[in-house]
Amino acid sequence: MDLVALLAIQVLYAIASLALMSVGLAIIFGMMKVINLAHGEFLMLGGYAAIQANRLGLSIWIAMLIVAPLVVGAIGVIVERTIIRWLYGRMIDTMLATWGLSLFLVGLTTAVFGNTTVGLSAPLGSFEIGQYRTSAYTLFVIAVAIVVLGGVLAVLRFTRLGLIARGTMQNANMAAALGVNPSRVYSITFGAGAALTGLAGAVIAPVSGVFPTIGAAYVAKSFITVIGGGASMVTGTAAASTLFGAVNQLATYVTTPVFGEVALLAAAIVLIRVLPQGITARFFRGSL
Amino acid sequence: MSARSLNLLGLGLAALVGIAVLVLTPQLFDLDVVLNITVYMIMAVLALSLALVWGFGGILCFGQSAFFGLGAYTYAIAMFNIGESTAPLLLAILVPAAFAALLGYFMFYGRISDVYLGVITLTVTLILFNSINSTAGPEFHIGSARLGGFNGIPGIPSLNVPFFKDWQIDLEGMFYLSTGSLILTYFGLRALLASHFGRTIVGIRENEQRAQLLGYDPRAYKLATFTIGAALAGYAGCLFANWGNFVSPTIFGLAQSAQIIIWVIVGGRGTLIGPILGCVGIQWLTAALGANAPSGTGGWQALLGNVPLILGAILIGFVLLVPKGFVPTIAGLGSALGRSRPGAAVAGRPQEAAPR
Amino acid sequence: MSSPLLETRGLGMRFGGVQAVRDVNFTLEERELRCLIGPNGAGKSTFFKMLTGQLKPTSGAVLFRGQDVTGAEPHEIARRGVGIKTQVPSVFDGLTVGENLWLAVTRTRRGASARAAVDAMLERVGLTAIASRLVGQLAHGQRQWVELGVVLSTDPDLVLLDEPAAGMTDQEVMRTVELVRDINRTKALIVVEHDMQFIRMIASKVTVFNQGAILMEDDVEVIMHSPVVRDIYLGKQAAA
């Protein structure tokens with residue numbers, strides 16, 4: 001029974017971390033149809049931002065939850081203004097340019113921070129489930145994921161900003177005719193997506209540490225979660241994360257962590273083949 | 001000068017340059033330079049494989065390194081098990097081709113679109129990387145070949161003259177084989193692209209709907225192109241395994257896949273010479289930059305030696321500023337200067353779209 | 001009694017909540033020329049796309065010479081002898097006129113016979129002078145001609161023309177009329193058009209589409225004088 005509870009928490013954690021790291025990308029891809037291959041590096045930069053802020057004396061919570069999103073959000077806006085905005089509508093060129101950006105950011109981070117892994121000890125300690133101990137931090141991550149997904153849904157559905165963003169994405173000309181500045185909306189949206197990604201990177205950092213090339217481990221998973229999720233940003237991310245996170249964790253439990261990763265990637269390939277438009281093209285259609 | 005004779009001139013020039021490189025390089029340079037040039041030739045074959053699949057076929061494959069790596073690993077594993085290189089060489093070509101045929105069938109007949117093709121092929125090469133990287137223990141072996149995990153497989157025996165196990169190829173021989181392979185690949189692809197098959201895949205890239213409406217099955221053509229590209233990449237992988245007598249999982253990694261794409265973009269999609277030049281140029285540049293920056297120093301020197309930084313900047317720069325790549329951009333300037341010939345009736349096979 | 005060249009039975013197409021084409025029973029004999037008219041959004045282009053295989057019908061069947069081709073792949077249907085000139089010209093913009101025709105011709109012929117066929121088609125559509133120009137750089141009317149040449153090069157027995165006279169000068173329209181009559185000597189055609197003068201010059205039998213279904217099918221003169229047809233173009237039917 002304890003084992004089941006432990007496993008359940010681990011599965012939830014896998015789902016939560018997958019959802020967290022993908023939701024920023026879901027917004028950028030879902031709203032702007034931009035494929036940002038530097039996504040992994042945004043996660044990485046979020047981790048570094050949190051660690052540096054913590055080293056400079058800020059509390060770890062502020063570093064993770066406030067500094068990291070702000071820093072990466074700002075970077076996102078800069079990237080959008082300098083690179084992405086010249087390539088709207090050119091999906092493949094966007095992929096290539098952001099791949100270049102990814103390499104560039106890896107190089108830059110290596111130059112500034114060096115090659116070694118920097119760590120952050122996971123706060124909150126551990127707790128017991130029967131005869132097993134597990135980190136309480138995993139519960140924190142799960143909580144953050146729920147809050148973030150809920151928050152994004154709320155902003156999109158209930159706020160003026162969310163409405164403007166959705167309207168602009170669907171019909172920029174119309175929005176402009178109504179007095180909205182589309183290019184500013186694009187910048188803000190990309191920045192928001194980047195900020196959420198930075199937050200995710202910071203929150204995950206205590207678990208695995210950060211090094212310049214850590215993005216590579218996350219970029220494929222995030223992408224296939226977003227593409228597997230489909231057009232609906234929040235429900236899609238939630239649905240795909242649940243599927244892939246569960247597959248990953250269960251496969252890991254039964255075999256090895258490496259095979260868990262392989263199982264996740266393989267499940268994604270099968271899903272894209274079966275549901276080429278993603279889960280939310282068939283289920284939960286029309287949701288946000 | 002008509003387009004047709006310009007084309008023949010270009011072919012002749014290419015042949016001349018190729019033969020010159022083949023014959024003169026060992027005479028003019030030391031063995032270590034020849035060794036470096038050998039790997040450039042091998043990578044250029046790899047670049048041509050993606051030039052075919054993506055540049056001409058329009059198939060967005062972000063995981064060409066998967067076939068390159070499969071070729072290298074297949075050769076190594078087969079060589080340890082068989083001991084004589086004829087079969088391993090053939091397997092190094094066939095295994096990646098078979099894998100591509102399967103994956104291609106899955107993707108093209110499943111009507112998966114462009115962008116998702118890129119993500120799936122990228123994912124596949126990452127799966128291979130992750131899997132092989134973790135096979136470090138002695139329990140991971142195929143026959144008498146240990147997979148080696150992140151350590152790689154060292155001491156891979158070299159190719160030998162077919163069926164004569166003891167006549168193994170030496171370093172200079174590797175140079176001749178690699179350069180000869182590049183020359184043959186270039187002319188082979190030119191012939192393929194001038195054939196009906198080649199023109200059809202370009203047509204499908206131009207307007208898949210119209211090609212379909214004329215009765216061509218795009219899925220079959222794309223599958224064939226993808227498979228041929230994989231076979232070529234696999235062959236390059238086999239050559240690579242012979243060059244260093246060593247292979248490691250990084251061959252499947254993100255960095256390797258990115259490099260192949262960069263060579264083709266910088267050199268120019270839709271050309272063959274472009275990716276060759278792009279590949280050799282970037283490889284040389286990376287080596288030169290890396291050599292100039294001893295680790296531990298800061299400042300400009302270290303920045304220049306920072307390969308991902310420079311490559312990334314190059315890729316961004318090219319996509320934004322020179323999206324067509326070097327060769328087409330220069331060719332475009334050239335033809336803009338020389339374009340005012342009255343159009344002549346096309347009497348036979350159209351030559352204008354012949355690949356450079 | 002041989003089967004008609006083309007027959008549709010209860011053909012329908014549903015997109016989500018919209019029934020774009022409903023229950024269409026359409027028959028065309030060999031070498032027959034039919035015109036298809038109707039207001040925008042009546043379902044004519046959707047109907048064409050179901051005939052070529054570009055769309056898979058959600059109900060009903062398409063039979064070509066008695067064989068069921070419903071939902072077949074476009075290239076399979078093309079190989080049976082169906083060619084379409086689409087509403088928006090669909091050609092190989094990055095290739096020359098000659099190369100466009102060559103690709104079409106070589107689906108069935110090779111070598112010297114192919115070269116001869118390309119030259120003949122260039123003559124027929126009057127594009128010999130611009131054979132080595134890139135199609136993407138041509139004027140709209142010329143691109144339409146290239147597309148006609150490309151479609152005819154595969155020698156289809158059923159030629160679908162979706163607004164062939166659109167954007168053409170009067171002189172070009174006359175040439176198109178002659179070409180259509182010439183094609184009709186050996187092939188069947190279905191022509192969608194809005195230009196009533198054009199239709200009068202080529203048609204005998206006209207089918208009228210409205211709101212996804214066939215409203216009327218009759219001789220061209222009857223259709224031209226029908227108040228019902230005039231009303232659907234003027235939108236009066238909604239008020240009636």
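User: What share of the contacts in chain A with a separation of 6 or more comes from residues 24 or more positions apart?

Analyst: That share is 77%. A contact here means two residues whose C-beta atoms, placed from the backbone, lie within 7 Å. The model is predicted, so local features need pLDDT of at least 70 and side-chain atom pairs count only at pLDDT 80 or more, while totals for chains, interfaces and linings use all residues. Residues are numbered from 1 along each chain as its sequence is written, and chains are lettered from A and ligands numbered from 1 in the order in which they are written.

User: How do you know whether the radius of gyration of chain A agrees with that of a compact globule?

Analyst: The radius is taken over C-alpha atoms, and the globule rule is 2.2 Å times the number of residues to the power 0.38. For 288 residues a compact globule would come near 19 Å, and chain A has 19 Å, so the two agree. Along the principal axes, its C-alpha atoms fill a box of roughly 65 × 45 × 35 Å.

User: What counts as an element in chain A, and in which order do the elements run?

Analyst: Helices (H or I, at least four residues) and strands (E, at least two) are DSSP runs, numbered from the N terminus. Chain A has eleven helices and two strands, and the order from the N terminus is α-α-α-α-β-β-α-α-α-α-α-α-α.

User: Why is H1(A) described by a direction relative to H8(A), and which one?

Analyst: Helix H1 (residues 2-32) of chain A packs on helix H8 (residues 182-208) of chain A at about 170°, with the axes 8 Å apart. Axes are lines fitted to C-alpha atoms, for helices over the stretch in contact, and angles run from 0 to 180 degrees between N-to-C directions. Angles under 35 degrees count as roughly parallel, over 145 as roughly antiparallel, 65 to 115 as roughly perpendicular and the rest as oblique. H1(A) is therefore roughly antiparallel to H8(A).

User: Which classes of residue make up the contact of H1(A) with H8(A)?

Analyst: The contact has 16 nonpolar, five polar and no charged residues. Ala, Val, Leu, Ile, Met, Phe, Trp, Tyr, Cys and Pro count as nonpolar, Asp, Glu, Lys and Arg as charged, and the others, Gly among them, as polar. Among the residues involved are Leu20(A), Gly24(A) and Ile28(A) of H1(A), which meet a set in H8(A) including Phe190(A), Gly193(A) and Thr197(A).

User: How do you know whether the span of helix H4 (residues 91-113) of chain A agrees with its number of residues?

Analyst: The expected span is 1.5 Å times one less than the number of residues. The 23 residues of H4(A) should span 33 Å, and the end C-alpha atoms are 32 Å apart, which agrees. Gly114(A) follows H4(A) and has a positive phi, near 80°.

User: What makes chain C as compact as a globular protein of its length?

Analyst: Chain C has nine helices and ten strands. Its radius of gyration is 18 Å, close to the 18 Å from the globule rule for 240 residues, so chain C is as compact as a globular protein of that length. In chain C 46% of the residues are buried.

User: Why is H5(C) called mostly covered?

Analyst: Eleven of the 14 residues of H5(C) are buried. They include Trp145(C), Leu148(C) and Val151(C). The elements they pack against include strand E6 (82-85), helix H3 (97-105) and helix H6 (170-184) of chain C.

User: Which pair of chains has the most contacts?

Analyst: Of the two pairs of chains that touch, A and B have the most. That contact takes 35 residues from chain B and 34 from chain A. H5(B) gives the most to chain B's side, with twelve residues. By class, that side has 25 nonpolar, eight polar and two charged residues.

User: Where do chains B and C meet, and how many residues are in contact?

Analyst: In this contact, 23 residues of chain B meet 28 residues of chain C. Helix H7 (196-206) and helix H8 (208-213) of chain B are the elements that give two or more residues to chain B's side. H7(B) gives the most, with five residues. No contact joins chains A and C, whose closest C-alpha atoms lie 12 Å apart.

Key. Buried ≥ 20, exposed ≤ 12 C-beta atoms within 10 Å, placed from the backbone.
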